Amino acid sequence: MSNFLLYFKDKDIVKKELEKICKLAQNLQKDYCFMEVCGTHTMQISKYGIRKLLPKNIKLISGPGCPVCVTSLEFIDKAIYIARNFNNVIIATFGDLFRVPGSESSLEKEKAEGKDIRILYSPYEVLTLAKENLNKNVVFLSIGFETTMPAVAWVIKDAKRQNIKNLSFLIGNKFFLVGLEALVLLSRKFLASFITTNSSIDGFILPGNLSVIVGEKSYMWMVEKYKIPSVITGFEPVDIVMGIRLLLEMIYYDVPEVKNEYKRVVTYEGNLFAKNLINEVFETSTGKWRGIGLIASSAAKLKKEFEEFDAEKKFEIPDIKVSNEFSECRCNEVLIGKITPLECTLFGKVCTPENPKGACMVSSEGACSAYYKYEMV
Amino acid sequence: MKSNKILLSYGSGGKYTREFLQDYILKHFDNQILNLLLDSAVLNFQQERLAFSIDSYTVTPIFFPGGDIGKLSICGTINDLLCVGADPEFIGVSLIIEEGIETETIEKILLSIKEVSQKENVLIVTGDTKVVEVGSCDKIFITTAGIGRIKKNLKFSYGRIEEGDVIIITGNIAEHGIALLLARGAYGFEYNIQSDCASLKSLFKDIFNNENIASHIKFLRDPTRGGISSALNEILMYREDIGFEVYEEKVPISENVRYICELLSIDPFDVANEGKMILIVSKNKSEEILEVLRKHPLGKNAAIIGEVVSVNKGKVLLNTIYGSKRILDMPVGEGLPRIC
């Protein structure tokens with residue numbers, strides 16, 4: 001593990017890649033704007049200060065690839081509704097949802113009020129939790145893209161096989177690829193408003209982790225339909241700068257493609273077993289994305305044969321009216337790269353990691369959080 | 001959306017703890033000694049300056065690789081006293097024990113307290129024992145208070161730190177927090193990482209008694225909860241006219257800890273230490289101080305990790321190995337509860 005890890009952090013390789021980037025950028029002259037759609041990339045770019053190492057005419061903007069950030073307020077409100085209105089309920093969640101504000105509370109605050117909220121590290125732990133608490137109803141808050149869906153699907157199948165009755169899932173999972181296409185269309189439609197960053201999106205840095213599941217082939221439409229260069233990239237500094245260099249080369253030679261910089265784990269087909277698991281358990285429905293709005297076929301829904309595990313049905317959650325007192329929160333625009341966090345008037349003043357007003361600040365992988373944590377230099 | 005209930009993160013040692021101290025503790029107990037929020041209070045008593053410190057220990061599990069709650073409670077208080085230049089002499093120990101816990105477990109913890117206090121030559125002079133019903137505490141909580149005389153030649157204060165001073169850490173970072181994290185088994189894998197839990201008394205004896213260097217030490221801080229990020233940022237809260245620059249490449253960290261941090265995406269700068277000290281010292285004596293530290297087993301990995309600057313005031317900047325700069329901020333929220 002050690003050599004592998006160190007190679008992709010090697011400062012000399014990073015330096016060489018940056019030199020190539022500078023040369024290409026100089027020859028290209030014009031400004032270029034690349035979007036990293038994945039929250040983990042956003043965090044790494046900020047953490048390693050990569051933005052500051054790039055030539056002035058190469059800009060990186062963050063996209064909607066943080067599952068917590070694109071989760072609508074209703075989802076949090078629904079979880080809180082269950083916690084408040086039913087006795088003997090355990091709400092199980094990953095840590096990153098814990099502090100996300102809903103309309104008027106958060107899971108963290110509900111826990112302090114005495115509600116039983118547990119943080120899990122793996123979706124599999126929820127099975128043990130249910131078996132150890134037979135007199136309670138365990139609800140797992142499931143969000144995430146194709147990256148996390150196979151694991152949740154596996155757990156749901158296992159719960160069915162083991163005939164576990166006191167377990168259900170509040171499903172907020174989204175199909176990233178559907179959202180990505182909506183974003184591409186949106187970025188073209190709103191071309192004018194991208195003037196702040198001096199260009200539209202000239203290329204995409206695609207998420208390495210998600211691509212392990214979906215495979216290179218799932219992105220071919222980006223070239224075929226839209227002729228946008230894109231590169232599947234890993235998460236270490238070497239991966240990221242190499243990805244940027246590849247994007248610039250594609251622009252320089254005018255050959256848009258889907259490149260795979262992350263060949264050490266991403267294959268052309270992706271993980272068929274995992275993809276099948278998703279298809280076995282989930283079907284698509286219309287989903288609401290923060291920042292983008294309603295997108296057809298973008299949300300995951302449990303298939304009929306698994307609906308006994310659907311928390312929405314089990315708890316008969318009514319329509320929840322969302323209120324958000326911080327209407328000036330501009331997460332919506334940050335999420336689609338329309339503005340950078342620095343352009344939001346709340347950023348760093350009213351909205352900080354201690355008192356976040358929007359999901360992009362509270363999520364550890366949100367663009368606002370990354371900027372605040374690392375880039376206020 | 002401030003909460004009207006106490007949240008777990010108020011005890012994390014990061015930003016919320018700071019807010020809690022400001023909004024509740026200092027509001028009610030405003031005085032010149034407490035307001036400094038040093039690791040130990042400095043009390044003028046007749047001709048002497050005394051250091052007085054108190055800490056509670058709620059760590060779980062109570063036995064962990066590299067230590068246990070007993071050893072931790074004594075070492076923690078000794079190290080807090082050292083932070084203001086004191087020679088730790090007397091310690092009081094108060095036990096809150098949950099009904100039903102085996103006497104053998106308690107005995108083991110007491111033996112551990114005995115061993116470390118004898119070795120470090122501190123006397124347990126007072127104490128208290130309370131037993132509470134099942135569920136009212138988790139096995140055992142320990143509170144320790146300590147007293148020591150501050151050496152005449154040592155005057156540590158926020159005010160003495162100046163541009164050009166250097167920042168030293170006495171050894172590898174992040175070992176306690178990571179050892180605890182893995183000891184809880186939450187990730188389903190085991191890895192041999194020991195907590196760095198240790199008393200630094202003997203290490204600092206060599207420093208404090210060396211007339212040539214002692215007066216060149218400006219400030220000490222014990223980077224426990226919240227790691228070195230918190231420790232450095234806390235100092236700057238009292239000195240908004242200076243900034244710190246830390247060099248990532250120079251910060252000592254063991255390979256194992258580094259890999260675990262990578263794997264779990266944890267910033268080692270935010271992770272707790274229980275046997276390390278940050279020193280801010282004059283540049284012209286820094287190499288000499290480093291040499292003395294390195295001669296001692298507890299300081300063998302000591303390193304100069306940064307410097308005091310006059311730019312980016314009030315902020316800690318990290319110079320990454322790639323040549324970029326980024327903020328090293330205080331962690332927010334609860335990383336891992338009950339690590340000490």
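## Strand β10 of chain B

Glu245(B) stands opposite Glu307(B) in β12(B), where strands are DSSP runs of E of at least two residues, numbered from the N terminus. These two strands, β10 (residues 243-247) and β12 (residues 303-309) of chain B, run antiparallel and are joined by 4 bridges, and strands count as paired if DSSP finds at least two bridges between them. Glu245(B) also stands opposite Leu317(B) in β13(B), a strand of residues 316-319 that pairs with β10(B) in the parallel sense over 4 bridges.

## Basis of the model

This is a predicted model, in which local features need pLDDT of at least 70 and side-chain atom pairs count only at pLDDT 80 or more, while totals for chains, interfaces and linings use all residues. Residues are numbered from 1 along each chain as its sequence is written, and chains are lettered from A and ligands numbered from 1 in the order in which they are written.

## Helix α14 of chain A

In α14 (residues 272-281) of chain A, a helix being a DSSP run of H or I of at least four residues, Leu277(A), Ile278(A) and Val281(A) are buried, that is, 20 or more other C-beta atoms lie within 10 Å of their own, with C-beta atoms placed from the backbone. They lie on the same side of α14(A) because they cover an arc of only 100° around the axis, taken from the directions from the helix axis to the C-beta atoms.

The face turned away from this buried side carries Leu272(A), Asn276(A) and Asn279(A), which are exposed (12 or fewer such atoms).
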